[in-house]
Amino acid sequence: MSGAPHPIRRVLVANRGAVAARVIRTLRRMGLESVAVYSEADAGLPYVRAADQSVCIGPAPAAQSYLDQARLLQVARETGADAVHPGYGFLSENADFAEAVQRQGLCFIGPSPHWIRTLGHKTQARAFMAAQGMPQAASSAVLHSVQEAQAEAARIGFPVLVKPAGGGGGIGMLPAHDAPQLEAAWSKASGIAAKYFGTAELYLEKLIEAPRHIEFQVLADRHGEVRVLFERDCSVQRRHQKVVEEARPAGIPAQALADMRQLLAGLLARTGYDVIGTVEMLYTPQHGFVFLEMNTRLQVEHAVTEEITGIDIVEAQIRLAAGERMREVLPAEPVARGHAIEARIYAEDPVRFLPSPGRLDRFEMPQGEGLRVETGYAQGCSVTPFYDPMVAKLVAHGSDRTQAIARLRQALAQTRIEGVKTNIPFIERILGHADFLDLRIDTGIAQRVLAHL
């Protein structure tokens, strides 16, 4: 898509729940009309009523509703939408959908399909980034058999991580510390990859032990200018799924962060990347930063960056996708103020992490200074088994990390959710754990906390 302005008056939000509510809120503030879509299972959710128009797109299963590209495009035509915002998840990183939106003469509020396709396949993304000078851990190309995997593991050196080439969200990633473990991991990961991503392609990556997971928020116009809105620490994970995120990462040398921001801004500007993205990296003092992947969409955890910068990332995404220049969208260089931390509250068992669908008989989220709640639910709504069980994101901002954590802990203590189990007890254990408070943080911290239950 060219950098020519694309006038936007009405936006179809091709998603559900919290992110749909989040996008609709910004559209209203910008004076733009919103069109919500919903499955039969989501008919009672608040975002459906919040939009200017709402259209049912099918039964509960995502394949028959939120992933039905033809139906979404039909609704866009029928409602006179000028643009489509994909949110996160579902079709947000589907290059074919982005192209179909553009063929219909609409603005896709995300990166150009070229970038979604280039960076969506993990080994292709790694090869592209390596050619641009991005530091990386040793890895393989796509492998076609466990025998090839064993040979590559011998070259790379154990331990290794088996990863789906078309994956995301940590799904199907399995460690292997020796040859027998690799054989078992290969068999399991290929099945998971085929089920969730439609391709069983796998590759190996050197397993960096006890890293921090650091990501860099990127905005870019369609005219060659890029801004990197600082960093987030997403090291608190269970089963490779993020649970607690912070901005900015504490305890990492400021110069190392500044150097990486400068490298990313130059690399992405030089190659012509556009609109929005997040570069995910691993960090250890021994290895520095190594490239993990790039997500070509709005991130779940964008709110912590908004809290420290005061920038509405969704508004910037919309305006940049419409062709505006960076100097119009963000006239000044971003400045980080204070510290923000976010907890993802899931309807799930806090020990086994199995989903806990049900009716929200009580759903009371706290309010107060420095607090922000993002949710797709209200009291009386049901968390169904058809979608991700996250019920809310609770964000706290403070003058420093200590104050932000204290505010989040107090807010969690005041949260009242009944009718479903939640992971709040687990989050509270994390926030009160000595390793977390004393910055002994890495991607294994959640497992260490769980081991002491």
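Trainee: What should I know about the model before I start?
Mentor: The model is predicted, so local features need pLDDT of at least 70 and side-chain atom pairs count only at pLDDT 80 or more, while totals for chains, interfaces and linings use all residues. Residues are numbered from 1 along each chain as its sequence is written, and side-chain values use heavy atoms, with hydrogens and water left out.

Trainee: How many aromatic pairs are there by the rule?
Mentor: The count comes to 11 aromatic pairs, where rings of Phe, Tyr and Trp (its six-membered ring) pair if their centres lie within 6.5 Å, and planes under 30 degrees apart count as stacked, over 60 as edge-to-face and the rest as tilted. One of them is the edge-to-face pair of F90 and Y387, with 6.5 Å centre to centre and 85 degrees between the planes.

Trainee: Where in the chain do F90 and Y387 sit?
Mentor: F90 is in the loop between β4 (83-85) and α4 (95-103), and Y387 is in the loop between β18 (382-383) and β19 (390-398), so the pair links parts of the chain 297 residues apart; helices (H or I, at least four residues) and strands (E, at least two) are DSSP runs, numbered from the N terminus. F90 and Y387 also belong to one aromatic cluster with Y66 and F386.

Trainee: New topic: which charged ends sit over rings?
Mentor: R238 lies over the face of Y346, at 5.0 Å from the ring centre, and the charged end of R401 sits over the ring of F436, 4.5 Å from its centre. The criterion is that NZ of Lys or CZ of Arg is within 6 Å of the ring centre and within 35 degrees of the ring normal.

Trainee: And how many residues of β14 are buried?
Mentor: In β14 (residues 339-346), 8 of its 8 residues are buried, with H339, I341, A343 and I345 on one side and A340, E342, R344 and Y346 on the other.

Trainee: Which strands pair with β14?
Mentor: β14 pairs in the antiparallel sense with β11 (residues 241-247) over 4 bridges and with β19 over 8 bridges, given that two strands pair if DSSP finds at least two bridges between them. E245 stands opposite E342 in β14, and the bridge partner of I345 in β19 is A392.

Terms used:
Buried means under 20% relative accessible area, exposed over 50%, partly exposed in between (1.4 Å probe, protein chains only).
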